[in-house]
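Trainee: Please take me through the nonpolar core of this model and the sheet beside its residues.

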Amino acid sequence: MGGYRLHQLATVRKLFIYLLLLSLPVKALAQTSLNMTQGVTEISGKVYELHMLIFYICCAIAFVVFGAMFYAIFNHRKSKGAVAADFHESTKVEIIWTVIPVIILIAMAIPATKTLIAMEDTSKSDLTIKITGSQWKWHYSYFGEEIEFFSLLATSSEEIDGIKEKGANYLLEVNNPLVLPINKKIRFLLTSDDVIHSWWVPDFAVKKDTVPGFINEAWTKIDKPGIYRGQCAELCGQAHGFMPIVVHAMEEDDYEQWLIGKRQDVERQKIEAAKALANNMPLDQLMTIGEKVYLERCSVCHQPNGMGLPAVFPAINGSPIATGDISLHIDTIVNGRSGTAMQAFALQLTDQEIAAVITYQRNAWDNKTGDVIQASDINAFKNPAEADKKSEEEQ
Amino acid sequence: MKTSIESNNIGSTIESELVASDTASSHDDHHAPSGWTRWVFSTNHKDIGTLYLIFSLTMFFIGGAMAMVIRAELFQPGLQLVEPNFFNQMTTVHGLIMVFGAVMPAFTGLANWMIPMMIGAPDMALPRMNNLSFWILPFAFLILLASLFTEGGGPNFGWTFYAPLSTTYSPDSTALFVFSVHIMGISSIMGAINVIVTIFNMRAPGMTLMKMPMFVWTWLITAFLLIAVMPVLAGAVTMVLTDKYFGTSFFDAAGGGDPVMFQHIFWFFGHPEVYIMILPSFGIVSAIVPAFSGKKLFGYNSMVYATVSIALMSFLVWAHHMFTTGMPVFAELFFMYCTMLISVPTGVKVFNWVATMWRGSLTFETPMLFAIAFIVLFTIGGFSGLMLAIVPADFQYHDTYFVVAHFHYVLVSGAVFSIMAAAYYWLPKWTGNMYNQRLSLWHFWTSLISVNILFFPMHFLGLAGMPRRIPDYAIQFADVNQIVSIGGFAFGLSQLLFLWVVIKCIKGGEKAPAKPWERAEGLEWTVPSPAPHHTFDQPPKID
């Protein structure tokens with residue numbers, strides 16, 4: 001046994017050296033964040049303090065408990081001639097180490113309760129934003145304004161596949177960030193179109209699930225202008241890792257300016273849509289726009305080659321919908337298919353884009369139908385009554 | 001009866017009686033069939049225990065291989081090896097296999113082997129049900145693994161299978177998943193009934209409840225938890241099945257259902273399940289620590305009461321998994337307080353183990369090393385659990401790598417380490433041979449170091465904002481993920497050492513005496529090593 005123990009010690013020493021070597025890269029991580037953010041709101045600061053408080057309490061308990069244990073390990077070992085004592089119960093001791101933890105827990109619970117109650121008080125807000133999660137993007141709608149938009153991942157698939165070098169905000173960048181004013185109490189109403197997602201911005205200490213069919217509430221009041229990034233936190237399907245959140249927080253004046261610009265955009269889009277209705281595009285132009293829309297919006301599921309994923313997402317190449325009745329094809333894209341992952345794109349894309357992508361799907365790959373669909377067809381499908389009236393007037 | 005003659009607990013007067021009874025009913029060979037029928041038709045608690053343990057080890061390596069796929073994909077940012085959909089299948093099936101295929105069957109295997117020997121019973125009370133409860137398990141996992149090869153792939157919605165991702169949006173193979181979980185549940189319930197009936201009816205005369213070894217106590221309580229919650233899981237999967245295939249709307253708001261109700265039902269099963277996977281560990285550690293400290297377990301009674309109160313309270317904390325679902329404040333407060341409170345009896349257990357070691361005369365054989373590592377690392381998992389209980393902070397931790405770190409500390413360096421400790425502690429009894437000490441030390445130290453390189457930095461990833469269950473991540477998480485993956489590969493390789501030690505030990509090695517651990521207590525050490533096919537045909541005498 002003696003030789004065996006010596007060997008054991010030698011092994012231990014060797015392994016400790018390896019452990020030291022392995023801990024070296026930790027120094028190189030100095031810039032990488034290793035702790036929770038203090039964030040940019042009063043609440044996020046409080047949450048950080050609470051986190052550190054409990055962490056230190058745990059460290060103190062660990063110091064005492066492990067300290068006693070390692071003292072015993074080093075001093076009460078048989079090899080040092082330790083003789084076992086005989087005690088094995090003490091009601092007094094058991095009561096002491098039941099009561100002391102309870103007191104510590106109460107000390108933790110008081111600040112936690114206070115912070116929680118403040119976090120859940122969504123009353124007296126200055127501004128309300130509705131956040132809708134769907135596979136795999138966020139939709140933001142500003143209450144009292146005619147402003148709403150989708151926010152999608154802006155990182156290119158070349159970066160993800162390692163063809164292009166990854167940018168600084170890899171996977172944490174979007175096409176349309178949520179824009180918010182600072183120093184205002186902003187209430188969020190959260191819901192979902194399909195599965196459960198979770199809207200999380202660490203700098204605000206806001207994480208709330210978006211549940212289909214239900215509306216959750218959360219709020220924040222941002223102290224500093226800046227760009228704050230977060231991610232979906234609830235597993236929501238294959239592109240769960242690819243639906244980031246970006247919030248652009250600005251001074252109130254800048255925010256007002258942004259609102260004005262956004263309102264003008266809305267007006268411009270209306271005019272463009274009206275123009276598109278009157279304007280019939282040639283096939284090649286529709287195909288170019290359609291391909292772009294397809295790659296951005298459809299190819300995540302249906303794949304760039306239109307083949308889909310067997311038994312998960314149907315192929316579009318050679319599919320009965322994309323080669324058959326046009327109105328069924330339009331219906332599928334405009335209204336989606338309930339009970340499947342196919343979403344309604346009526347509000348996500350303009351009539352022009354829907355027309356283009358349908359034209360693309362009906363002419364790309366082996367689907368050489370030769371069909372050309374125009375924005376006016378989509379508009380007629382969406383508003384059959386209006387279309388009827390129009391045709392009556394023409395007669 | 002040779003068994004009893006060699007045991008030193010039995011007085012010589014009883015010996016002669018036993019010898020007489022042995023000659024009168026000498027039919028041992030009749031009960032020990034050879035070849036494959038020995039295993040397939042077995043009603044012997046030791047053989048079935050062995051089957052459970054081998055099955056568990058196999059599943060541990062299959063589930064571990066999936067973890068290796070996950071860590072390889074996460075070695076650097078970008079998508080390199082697997083598609084996101086397959087990545088999700090790996091995280092899902094890894095979780096299901098480790099929980100239902102590795103940890104739970106390992107405990108049932110240990111229960112089968114040890115409980116009858118610890119309470120002086122000749123076998124489990126319901127031997128045929130014992131056979132059935134094991135032999136349906138391989139089919140459950142064959143179905144689950146086969147689903148990975150179906151068109152559209154296997155389950156990809158996480159082992160927690162939240163609706164409606166697992167209903168409306170799930171792959172066609174979901175029915176296979178549901179069926180396999182049903183079989184696992186039936187197996188667990190049968191195993192649990194067997195444990196309860198055995199403990200209540202087959203204890204040797206004089207083995208009162210408060211004299212039972214802690215392992216028996218913790219398993220008794222675990223068995224009650226299993227019977228209480230496995231049917232709830234069965235209900236949850238059945239509702240998923242009917243929602244997906246038969247047009248019901250339990251979890252679909254459009255039909256008047258509620259997706260969050262799924263989470264309530266799942267976690268009403270899921271939280272006691274957490275304790276199902278740790279209470280037997282408490283029993284194992286409570287057997288090993290005294291044996292190598294040379295002292296009796298400190299506070300036996302309080303250990304029993306603490307276990308019972310943990311089990312009862314485990315029914316009152318489920319919604320701490322759901323703080324971000326939008327519960328009312330009073331519910332959040334209630335579940336926060338209950339969760340904090342459950343750390344009190346858990347703390348009492350840790351304090352009792354430390355008090356057992358205090359002023360003992362400690363030796364550090366491999367089982368003890370694993371038990372000490374268990375106490376330290378499980379407690380670290382307990383601390384992060386306490387942090388997670390604090391609702392405002394949980395809003396930041398929830399669904400991040402902080403949670404992943406937390407539950408791997410309690411399940412890998414907790415439950416799995418305790419199972420390793422148990423294996424080293426009882427291998428000499430099972431095989432009749434000592435394990436190779438040098439290799440076992442290598443296994444321990446490589447496991448201990450790599451498990452911490454694997455899971456400790458995950459705390460930092462979570463705090464820095466990395467969500468769990470993502471196949472690709474932002475640049476700032478790259479360095480730490482690389483370290484974690486290296487730790488993961490090292491931990492995976494270390495477990496091959498364990499396999500080697502076990503195989504070597506089964507094949508041969510230094511012969512083990514009936515009681516290889518000088519100061520161990522318990523009836524299992526009164527029978528020879530390896531334990532004969534039948535033990536305690538006549539109940540032992542307990543003073």
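Mentor: Five residues touch the most other members of the largest nonpolar core, which has 280 residues: A:Ile129, A:Phe188, A:Trp199, B:Phe100 and B:Phe141. A nonpolar core here is a set of buried Ala, Val, Leu, Ile, Met, Phe, Trp, Tyr and Cys residues joined through side-chain atoms within 4.5 Å, buried being under 20% relative accessible area with a 1.4 Å probe and protein chains only. The model is predicted, so local features need pLDDT of at least 70 and side-chain atom pairs count only at pLDDT 80 or more, while totals for chains, interfaces and linings use all residues. Residues are numbered from 1 along each chain as its sequence is written, chains are lettered from A in the order in which they are written, and side-chain values use heavy atoms, without hydrogens and water.

Helix H16 (residues 401-431) of chain B gives the largest share of this core, 22 residues. Helices are DSSP runs of H or I, at least four residues, and strands are runs of E, at least two, numbered from the N terminus.

A:Phe188 touches, among others, A:Ile129, A:Leu178, A:Leu180 and A:Trp199; contact means heavy atoms within 4.5 Å. A:Trp199 stands opposite A:Cys232 in S9(A). Strands S6 (residues 197-201) and S9 (residues 226-232) of chain A run antiparallel and are joined by two bridges; at least two bridges found by DSSP make a pair.

Both strands belong to an open sheet of five strands in chain A, ordered S4-S10-S9-S6-S7, with mixed pairing. Its edge strands are S4 (178-181) and S7 (206-210).

Conventions:
Buried means under 20% relative accessible area, exposed over 50%, partly exposed in between (1.4 Å probe, protein chains only). Lists of a residue's contacts leave out its neighbours within four places in sequence.
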